[in-house]
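Take a moment to look over the sequence and the 3D structure. Then follow the chain with the paragraphs below.

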Amino acid sequence: MVANLFQAIAKPNQATLISLARGFVFVALGIILLPNLFPENGIWASILFAEGMTAIISLFLLSMFLRRQKLAVASV
């Protein structure tokens with residue numbers, strides 16, 4: 001949802017970062033790292049890991065955007 005918001009308001013860098021992180025970066029990290037921690041379920045946990053990390057990144061980017069919007073409105 002947050003990636004779609006950034007895409008709709010013409011913020012392609014943020015939208016691309018969220019999409020690539022979710023679809024490739026965090027999944028790849030999970031597949032590499034989590035089987036060492038959870039031998040039988042590490043591959044399955046990589047999807048949950050990717051979704052959780054993407055949620056954190058999305059909320060961080062959204063809060064930065066909202067803070068900037070609030071400052072822009074206050075200065076007008």
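Start with confidence. The mean pLDDT of the chain is 90, and 99% of its residues reach 70 or more. Here pLDDT is the predictor's confidence in each residue, on a scale from 0 to 100. Where pLDDT is low, the predicted coordinates should not be read in detail. Helices are DSSP runs (H or I, at least four residues), as strands are (E, at least two), and they are numbered from the N terminus.

Two ground rules come next. This is a predicted model, where local features need pLDDT of at least 70 and side-chain atom pairs count only at pLDDT 80 or more, while totals for chains, interfaces and linings use all residues. Residues are numbered from 1 along each chain as its sequence is written, and side-chain values use heavy atoms, with hydrogens and water left out.

Now look inside. Which residues make up the largest nonpolar core? There are seven: Val2, Ala3, Phe6, Ala15, Ile18, Leu61 and Phe65. Helix 1 (2-8), helix 2 (12-37) and helix 3 (42-75) each give two or more residues to this core. Helix 1 gives the most, with three residues. A nonpolar core is a set of buried Ala, Val, Leu, Ile, Met, Phe, Trp, Tyr and Cys residues joined through side-chain atoms within 4.5 Å. Buried means under 20% relative accessible area; exposed means over 50%; partly exposed lies in between (1.4 Å probe, protein chains only).

Leaving aside neighbours within four places in sequence, Val2 is in contact with Ile18, Ser58 and Leu62. Contact means heavy atoms within 4.5 Å.

Next comes a pair of helices. Two packed helices are described by the angle between their axes and the distance between the axes. Helix 2 and helix 3 pack at about 145 degrees, and their axes are 7 Å apart. The axes are lines fitted to C-alpha atoms, for helices over the stretch in contact, and angles run from 0 to 180 degrees between N-to-C directions. Which residues make the contact? Helix 2 brings residues including Leu17, Ile18, Ala21, Arg22 and Phe26. Helix 3 brings residues including Ile43, Ala45, Phe49, Thr54 and Leu61. By class, this contact has 16 nonpolar, six polar and two charged residues. Ala, Val, Leu, Ile, Met, Phe, Trp, Tyr, Cys and Pro count as nonpolar, Asp, Glu, Lys and Arg as charged, and the others, Gly among them, as polar.

Is Thr54 buried or exposed? Thr54 lies in helix 3 and counts as buried because its relative accessibility is 6%. Not counting residues up to four places away in sequence, Thr54 touches Ile18, Ala21, Arg22 and Phe26. Ala45 is also placed in helix 3. Ala45 has 21% relative accessibility, so it counts as partly exposed. Beyond neighbours within four places in sequence, Ala45 is in contact with Leu34 and Phe38. From Ala45 to Ile31 is 14 residues in sequence and 8.3 Å in space, C-alpha to C-alpha. Ile43 belongs to helix 3 too. At 46% relative accessibility, Ile43 counts as partly exposed. Ile43 touches Ile31 and Pro35, again not counting residues up to four places away in sequence.

Finish at the other end of the accessibility scale. Gln7 sits in helix 1. Gln7 counts as exposed because its relative accessibility is 59%. Where is Ala10 found? Ala10 is in the loop between helix 1 and helix 2. With 60% relative accessibility, Ala10 counts as exposed. Most residues other than glycine have a negative phi. In Ala10, however, phi is positive, near 65 degrees. Ala10 and Asn41 are 31 residues apart in sequence and 39 Å apart in space, C-alpha to C-alpha.
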